[in-house]
Amino acid sequence: MNKALSLLTLASFAFAGSATAKSLDLSQVADDANWLMHLDFDSSRASPIGSFILNKINDNEEAAERLKEMKTAFGIDIEGFSNLTMFGNGEREKGIAIMVGGMDVDKLLGFAQLNENLKTSKKGNHDIHSIDGGGRHSVAFATLKGNVIVGGPDADYVSRGIRLVRGKAASRAPIGLLDELRKIVPNPGVIAFLDVAKAAAFHDLDKRGQEFVKKANSAGVVVGQADGELKMAVIVKTNDEETAKQLEDMANGMIAMSALGKESNPHLAKLLESHSVKRAGNTVTLQVGLSIATIKEGIEKEMNKNI
């Protein structure tokens, strides 16, 4: 089982970046979403890292057999995952997830039916399956045509997710920060956004947290392959330029420490190919580029140990 989990983790790494990833579709994100995260798996298997991992797995008879067993037993198809979008307004443990591909929905439902707490309700033409967590986290989900799974904390959230998938619910307005992130990584494997103040309104923050919220406006993260590197970028927008200057100084301090680390750590020197910190008014952008060749070396070592 440990080897199977290691194999699943390594195979999932193939989805970290994408060669021609499909863009996030905001028409399937709720209009009140203050945070979101989108993972696009469709073309990652053709990317340098993704194709390297999958070729290594397929060349290993034992590893390929384990993936086949996972697909047969659990309905998990590593090569079938398409995309996953998650979002919410910031309320704790409240959100919607929409996943396309990668799961045998009949097997998923079969496993769920083994739980004695499973209850099924009807919303329109769809069955929504709910499992009461008994004081812990409850979960609900529905399976739709096209190998789509919509999940949430209860049937109402799932129902809203279904309406979004079908284009029958109010969806999120365009987010300029996402466009800025895509200028850095045009075809991201992972992209995320947070409206700091609006999401924080659902939480009781301590004094330090409240001060941060007053200064921060929004933030975004993107990961994907660009310019021959595995690139990670963070953009933070603040409510005043002084805060942006402070963040810029902190980011430059982190970069300086990394530069010192490269002098004493040959592996870090090989891995870290590029980095930059830029500020334009109230916006701070941090970019880090990692060596794809060095990542491949590390993955190959892990695969040799665990597969």
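Biologist: How exposed is Asn187, and what is its relative accessible area?

Modeller: Asn187 is partly exposed, with a relative accessible area of 27%; buried means under 20%, exposed over 50%, and partly exposed in between, computed with a 1.4 Å probe on protein chains only. This is a predicted model, in which local features need pLDDT of at least 70 and side-chain atom pairs count only at pLDDT 80 or more, while totals for chains, interfaces and linings use all residues. Residues are numbered from 1 along each chain as its sequence is written, and side-chain values use heavy atoms, with hydrogens and water left out.

Biologist: Where is Asn187 found?

Modeller: Asn187 is found in the loop between helix 6 (176-184) and strand 8 (190-195), where helices (H or I, at least four residues) and strands (E, at least two) are DSSP runs numbered from the N terminus. Asn187 and Ser23 are 164 residues apart in sequence, and their C-alpha atoms are 7.2 Å apart in space.

Biologist: How should I read the buried residues of helix 6?

Modeller: An α-helix has 3.6 residues a turn, so residues three or four places apart point the same way. In helix 6, the buried residues are Leu177, Leu178, Leu181, Arg182 and Ile184. Seen down the axis of helix 6, these residues fall within an arc of 150 degrees (taken from the directions from the helix axis to the C-beta atoms), so they line one face of the helix. What covers them includes strand 8, strand 9 (216-226), strand 10 (229-238) and strand 12 (283-291), by contact, meaning heavy atoms within 4.5 Å.

Biologist: How is an aromatic pair described, and which residues form the one in this structure?

Modeller: A pair of aromatic rings is described by the distance of the centres and the angle of the planes. Rings of Phe, Tyr and Trp (its six-membered ring) pair if their centres lie within 6.5 Å, and planes under 30 degrees apart count as stacked, over 60 as edge-to-face and the rest as tilted. The structure holds one aromatic pair: Phe41 and Phe81 are edge-to-face, 5.8 Å centre to centre with 80 degrees between the planes. Phe41 lies in the loop between strand 1 (35-40) and helix 2 (48-59), and Phe81 in the loop between helix 3 (61-74) and strand 2 (83-88), so the pair ties together parts that are 40 residues apart in sequence. Phe41 is buried, and so is Phe81.

Biologist: What is Thr243 in, and which residues does Thr243 touch?

Modeller: Thr243 is found in helix 9 (residues 241-264) and is buried, with a relative accessible area of 10%. Not counting residues up to four places away in sequence, Thr243 touches Lys215 and Thr238.
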